[in-house]
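Please consult the sequence and the structure while reading.

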Amino acid sequence: MSRFRLEPADDPGVRSDGLERLLERSDAVPLGNRAALARIVALCDEASATPAGIALEAARDEGFAALLMRLANSAESASVTRVSELTTAVVRLGLRHVQGLALAAPGLRLLTGPNDGLGPARVALHRHAVRTGLAARLLAPVGVEPEHALAAGLLHNIGLNMLSLCEPQLFAAMLADIPAERVTAGFTHAELGARLAERWSYPRPLAEAIREHDSDTPTTRLGAVVHVADRLVRRAGTGVEPVVDPTLPALELARVANLPLAEARLEALLAAQDRFDAFQG
């Protein structure tokens, strides 16, 4: 049973808009300067890209620029020198990290919402998304770009994020029984998230990882990495979904041969993130 409750609708099982209508409504959700973010993603793949040029695009989206500055000055950046200039922040984070964050930024903005009693759930979703992204980057094996794993982990629950804004009653009903979400809504949050990713022209591997993250038998290595990261973060106590173990097929495909060692590495990472969150207030 979910810890997050909202007064139920008369019939939360009524699929008021359906998946297609919900996707259409997603176009009206303010997600920042998506043109600038898309340009950043493209620039990071260009051989001629410069930190100054990427910083110029990042400055067009105030929220994203603030995110880069915050992360460049975080404990994870492993530097005691404070960054006060956006170009330096891009250099410190690296182009692949900035690219992954630019991909994830619209999805993370879905975590803000009205004062409807679901604030704690959105906070928990955000904490889980950040930690799953960091865990996926940590676990990424050879053949999986760590920053792609970061973006996939950050975005794996965008279906839940979108529901929390567009269908809060349905969102609350799904949280109350995630395993029965298809009965409740007619679709899963993973399916909705993948469709959103496709609608927003995210790379196909990213959309597939979102679609597969809850599957017991993911077929892509990136999907398997996110599956393992998601479930280990839940086991560590952060998230809104039930605690379940990663499956053996996912562990094998993600090349996590030593689960206790992976959990020990993740424990240190999560502890550092907790300290950073506490410092930020």
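1. The crossing that helices α7 and α14 make is right-handed. As with every point below, this concerns a predicted model. Helix α7 covers residues 119-139 and helix α14 covers residues 221-235; their axes come within 8 Å and cross at roughly 125°. Angles of 65 to 115 degrees would count as roughly perpendicular and those over 145 as roughly antiparallel; α7 and α14 are therefore oblique to each other.

2. The residues that form this contact may be listed helix by helix. From α7 come His 128, Arg 131, Thr 132, Ala 135, Ala 136 and Leu 139, and they meet Val 225, Val 226, Val 228, Ala 229, Asp 230, Leu 232, Val 233 and Arg 234 of α14. By residue type, the contact of α7 with α14 comprises 9 nonpolar, 2 polar and 3 charged residues.

3. On the α9 side, Leu 160, Leu 163, Ser 164, Leu 165 and Cys 166 take part, meeting Pro 168, Leu 170, Phe 171 and Met 174 on the α10 side. The residues of this contact are 8 nonpolar and 1 polar, with no charged residue.

4. Is helix α8 mostly covered or mostly uncovered? Helix α8, which spans residues 146-155, is mostly covered, since 8 of its 10 residues are buried. The buried residues of α8 are Glu 147, Ala 149, Leu 150, Ala 151, Ala 152, Gly 153, Leu 154 and Leu 155.

5. In soluble globular proteins, nonpolar side chains tend to be buried together. In this model, the largest nonpolar core has 84 residues, and Ile 40, Phe 64 and Leu 68 have the most contacts inside it. Leaving aside residues up to four places away in sequence, Leu 68 touches Ala 58, Leu 86, Ala 89, Val 90, Leu 93, Val 98 and Leu 101.

6. Where does Arg 60 lie? Arg 60 is found in the loop between α3 (51-58) and α4 (62-72). Its relative accessibility is 49%, so Arg 60 counts as partly exposed; a residue must be over 50% to count as exposed. Arg 60 touches Asn 33 and Ala 36, when residues up to four places away in sequence are not counted. From C-alpha to C-alpha, Arg 60 and Ala 35 are 9.4 Å apart in space, and they are 25 residues apart in sequence.

Terms used. Residues are numbered from 1 along each chain as its sequence is written. This is a predicted model: local features need pLDDT of at least 70, side-chain atom pairs count only at pLDDT 80 or more; totals for chains, interfaces and linings use all residues. Side-chain values use heavy atoms; hydrogens and water are left out. Contact means heavy atoms within 4.5 Å. Helices (H or I, at least four residues) and strands (E, at least two) are DSSP runs, numbered from the N terminus. Ala, Val, Leu, Ile, Met, Phe, Trp, Tyr, Cys and Pro count as nonpolar, Asp, Glu, Lys and Arg as charged, and the others, Gly among them, as polar. Buried means under 20% relative accessible area, exposed over 50%, partly exposed in between (1.4 Å probe, protein chains only). Axes are lines fitted to C-alpha atoms, for helices over the stretch in contact, and angles run from 0 to 180 degrees between N-to-C directions. Angles under 35 degrees count as roughly parallel, over 145 as roughly antiparallel, 65 to 115 as roughly perpendicular and the rest as oblique. A crossing is left-handed if the near helix is turned anticlockwise from the far one by less than a right angle, and right-handed if clockwise. A nonpolar core is a set of buried Ala, Val, Leu, Ile, Met, Phe, Trp, Tyr and Cys residues joined through side-chain atoms within 4.5 Å.
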